[in-house]
Amino acid sequence: MGIVTSIGYNPGSLMPHAPFLISPPREACVIRRVVFGADWIVGATLVMSASTHRGGTQLLQDELLPMATMEITSASKPRSQVQNEIKLKEKARATVAKKYASGTLSEEDICHCLYSIGDNSCYLQFNCDPIEKMIAFLTTTFKPHSAEPHLSLCISGGKGGARLTHNHERQYNYVLQSLTLWREITNDMFRLWCLAEEDLLSEESAYRLTDTGQGLNRVQQAPKVSKAIQQVLAHCQQDLGHWVGSAVIHLGDHNVPNALTFIDKYTQVPRILNPIVLVIEKIPELMKDAHLAQYIEDAFGGAAHLQKMILVDFFRHGFDGSGADNFFDAGSCIDGRLTSAWNWCSNLEKKSFYTIFKLCGFDSFDGDWDK
């Protein structure tokens with residue numbers, strides 16, 4: 001009898017339930033070592049192993065695979081186009097399933113594989129998209145080497161809660177590399193999730209129940225996730241050509257106690273960025289109302305100036321090293337960048353443009369948007 005770990009699904013959907021799903025098998029590892037001799041843990045079946053071990057190697061190279069697993073969005077599309085894309089996807093899925101079905105790999109099994117790949121497409125669409133848009137806002141609104149009037153990103157330690165001191169060019173690059181790293185981590189989230197479960201269930205690295213300053217947490221080393229994230233970081237550093245700030249990655253300490261906490265931190269990135277992106281995109285719609293247009297013009301100098309004001313504030317103080325009691329816990333380290341962004345979110349109600357967020361339907365970074 002085994003306990004099957006839950007990987008291969010959408011991390012964004014699983015994250016709220018992850019502690020409850022992983023805790024029983026994790027405790028089972030401890031019990032098995034002490035009391036039982038049976039192996040209680042069985043790894044999840046992944047698409048690659050399910051297909052290749054059962055004669056479906058060519059399935060993953062089929063030209064219809066992208067069509068059969070693509071994520072269909074309705075944004076800026078007429079209903080007829082969306083319906084046509086759905087029909088094409090269903091037809092491609094049925095064609096692939098029928099083409100590769102065999103005595104060892106049924107059409108139902110193939111469809112399960114396609115649905116799993118589709119989960120990945122869905123996750124990437126909705127979680128990478130706000131990061132890509134935020135990078136686009138940065139690179140199109142601001143110049144890297146010089147600041148236009150009222151568009152300087154420079155920050156000074158001790159002012160506005162900042163712990164870092166950067167001129168405009170240094171802060172521009174600091175924000176760009178942080179967003180790029182978040183994008184690469186999000187792109188690799190399914191692999192990191194698999195590795196996180198392996199670390200959490202490892203018999204070679206037991207956890208210690210420790211008071212980390214935020215209550216009792218299971219502090220446990222995560223060598224596989226640590227190695228993977230170092231590779232992601234090295235890839236970003238190579239692509240960008242330089243690195244601003246610290247490259248320290250907290251994992252298995254009081255800041256990030258274990259691999260599950262690490263996964264949780266980085267599944268929050270879209271929750272932070274998406275509301276900001278939606279507000280920036282909805283501001284032109286507010287201008288269609290004459291009274292709101294007049295308010296925005298009088299209070300903020302117009303829609304374009306308001307959008308830039310929000311972006312300047314976020315790119316400054318969402319990446320200023322703030323959000324913790326000391327520099328080691330926040331600052332410019334890899335995890336400190338995310339801490340600063342959350343700190344900006346917690347102070348949103350104090351911003352002059354908070355009313356604009358509410359007018360755009362914002363409720364909270366953890367909540368829904370008013371329809």
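User: Which side chain of opposite charge is nearest to lysine 265?

Analyst: This is a predicted model, where local features need pLDDT of at least 70 and side-chain atom pairs count only at pLDDT 80 or more, while totals for chains, interfaces and linings use all residues. Numbering runs from 1 along each chain as its sequence is written, and side-chain values use heavy atoms, without hydrogens and water. Lysine 265 is buried (under 20% relative accessible area; exposed is over 50%, partly exposed in between; 1.4 Å probe, protein chains only), yet has no salt bridge, meaning a side-chain nitrogen of Lys or Arg within 4 Å of a carboxyl oxygen of Asp or Glu.

User: Leaving aside neighbours within four places in sequence, which residues does lysine 265 contact?

Analyst: Lysine 265 is found in helix 10. Helices here are DSSP runs of H or I, at least four residues, numbered from the N terminus; strands are runs of E, at least two. With contact meaning heavy atoms within 4.5 Å, the partners of lysine 265 beyond four places are Val256, Asp335, Leu338 and Thr339.

User: How are the rings of phenylalanine 262 and tyrosine 266 arranged: stacked, tilted or edge-to-face?

Analyst: Both residues lie in helix 10 (residues 259-266), 4 residues apart, about one turn of the helix. Rings of Phe, Tyr and Trp (its six-membered ring) pair if their centres lie within 6.5 Å; planes under 30 degrees apart are stacked, over 60 edge-to-face, the rest tilted. Phenylalanine 262 and tyrosine 266 are 4.9 Å centre to centre with 45° between the planes, hence tilted.

User: Why does the pair of tyrosine 295 and phenylalanine 300 get its class?

Analyst: Tyrosine 295 is partly exposed, at 33% relative accessibility. Phenylalanine 300 is buried, at 6%. The ring centres are 5.9 Å apart and the planes stand at 90°, so the pair is edge-to-face.

User: Over which ring does the charged end of arginine 218 sit?

Analyst: The test asks for NZ of Lys or CZ of Arg within 6 Å of the ring centre and within 35 degrees of the ring normal. The charged end of arginine 218 lies 5.1 Å from the centre of the ring it sits over, that of tyrosine 207.

User: How many aromatic pairs does the structure hold?

Analyst: Ring pairs link a cluster that includes Phe142, Trp182, Phe314 and Trp344. For the structure, the number of aromatic pairs is 12.

Key. Lys, Arg positive; Asp, Glu negative; His and termini not counted.
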